Amino acid sequence: MTISRFHVAEMDCAAEEQLVRMALSDIDGINRVSVDMDQRDVVIDHDTSPTAIGTVLDALRLGATHVDDTSEIAPPGDERRERNALVFAFVVNAGFFVSELTVGVISRSMGLIADALDMGADAGVYALSLVAVGTATSRKKRLARTSGFVQLGLAAIGLFEVIRRFFTDTTLPDPGSMIVMSLLALAGNVATLIVLQRVRSGEAHVQASWIFTANDIKVNVLVIGAALGVIVTDSQVPDLVAGGIIFAVVANGARRILNISR
């Protein structure tokens with residue numbers, strides 16, 4: 001039995017952690033995976049080759065590097081608590097997907113609609129992680145492939161709508177709705193962070209890591225900044241720019257999911 005540690009430099013949110021776990025679950029001989037988001041390290045208890053693990057992680061293009069190997073026995077994790085935390089994360093992300101999408105459509109904000117899709121993409125990753133537990137690899141890959149194509153298609157539609165509004169629609173979004181909804185989403189992200197980090201505190205660290213929700217927080221701040229830009233410039237351009245950036249991020253996440261499903 002070997003304990004291998006990999007540093008994954010670009011793993012900076014909960015969804016990317018779940019992508020790493022899903023990818024590793026395809027490898028025979030892996031007994032347990034622990035993640036330290038503070039250090040962005042993945043510790044793997046396995047009976048296989050570290051080279052095979054490195055190949056799978058490299059395919060995710062998250063900057064994974066092999067750090068070291070030891071024969072130290074890692075303490076067992078609490079799978080029930082981790083599953084409950086994943087359920088909580090799924091419910092929060094799915095809830096804000098629906099609420100942000102609704103408010104985004106009503107307020108005509110592409111930034112909010114894109115943020116909703118980002119939350120929905122995270123919820124999809126959590127759902128895949130939960131549904132795939134104990135299922136065959138082929139079924140898990142079909143689920144991942146379906147999720148990836150759906151996210152990619154929605155991101156493409158969103159980018160098309162951003163371009164269309166830029167050239168043909170001058171109606172301003174409601175900046176007040178954008179700010180209020182983004183602040184609520186930010187609170188939801190922080191709550192998810194706390195719950196997930198408590199589950200992991202006995203394995204890797206005690207204090208919550210702000211890195212864990214860095215991408216989601218940046219998206220929330222981006223939408224708030226876009227709302228302020230709409231107020232200052234009396235133009236929809238800041239909102240369209242924010243929406244375009246977030247849709248591109250979602251499309252990149254879909255690409256990573258499709259890489260896993262191959």
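Trainee: How much accessible surface does the chain have, and what share belongs to carbon and sulfur atoms?
Mentor: About 12000 Å², with 64% on carbon and sulfur atoms. Areas come from the Shrake-Rupley method with a 1.4 Å probe; for residues, only the protein chains shown count as cover. This is a predicted model: local features need pLDDT of at least 70, side-chain atom pairs need 80 or more, and totals for chains, interfaces and linings use all residues. Residues are numbered from 1 along each chain as its sequence is written, and side-chain values use heavy atoms, without hydrogens or water.

Trainee: What is the average pLDDT of the chain?
Mentor: It averages 80, and 81% of the residues score at least 70. pLDDT is the predictor's confidence in each residue, from 0 to 100. Over residues 201–212 it is below 50. Where pLDDT is low, the predicted coordinates should not be read in detail.

Trainee: New topic. Is Ser34 buried or exposed?
Mentor: Ser34 is buried because its relative accessibility is 11%; the cut-off is under 20% relative accessible area (1.4 Å probe, protein chains only).

Trainee: Which residue is 10 away from Ser34 in sequence and 6.4 Å away in space?
Mentor: Ile44, C-alpha to C-alpha.

Trainee: And Glu100, which side chain of opposite charge is nearest?
Mentor: Arg165, 14 Å away. Arg and Lys count as positive, Asp and Glu as negative; His and the chain ends are not counted. Glu100 is buried yet has no salt bridge, meaning a side-chain nitrogen of Lys or Arg within 4 Å of a carboxyl oxygen of Asp or Glu.

Notes: Buried < 20%, exposed > 50% of the residue type's maximum accessible area, 1.4 Å probe, protein only. Contact = heavy atoms within 4.5 Å.
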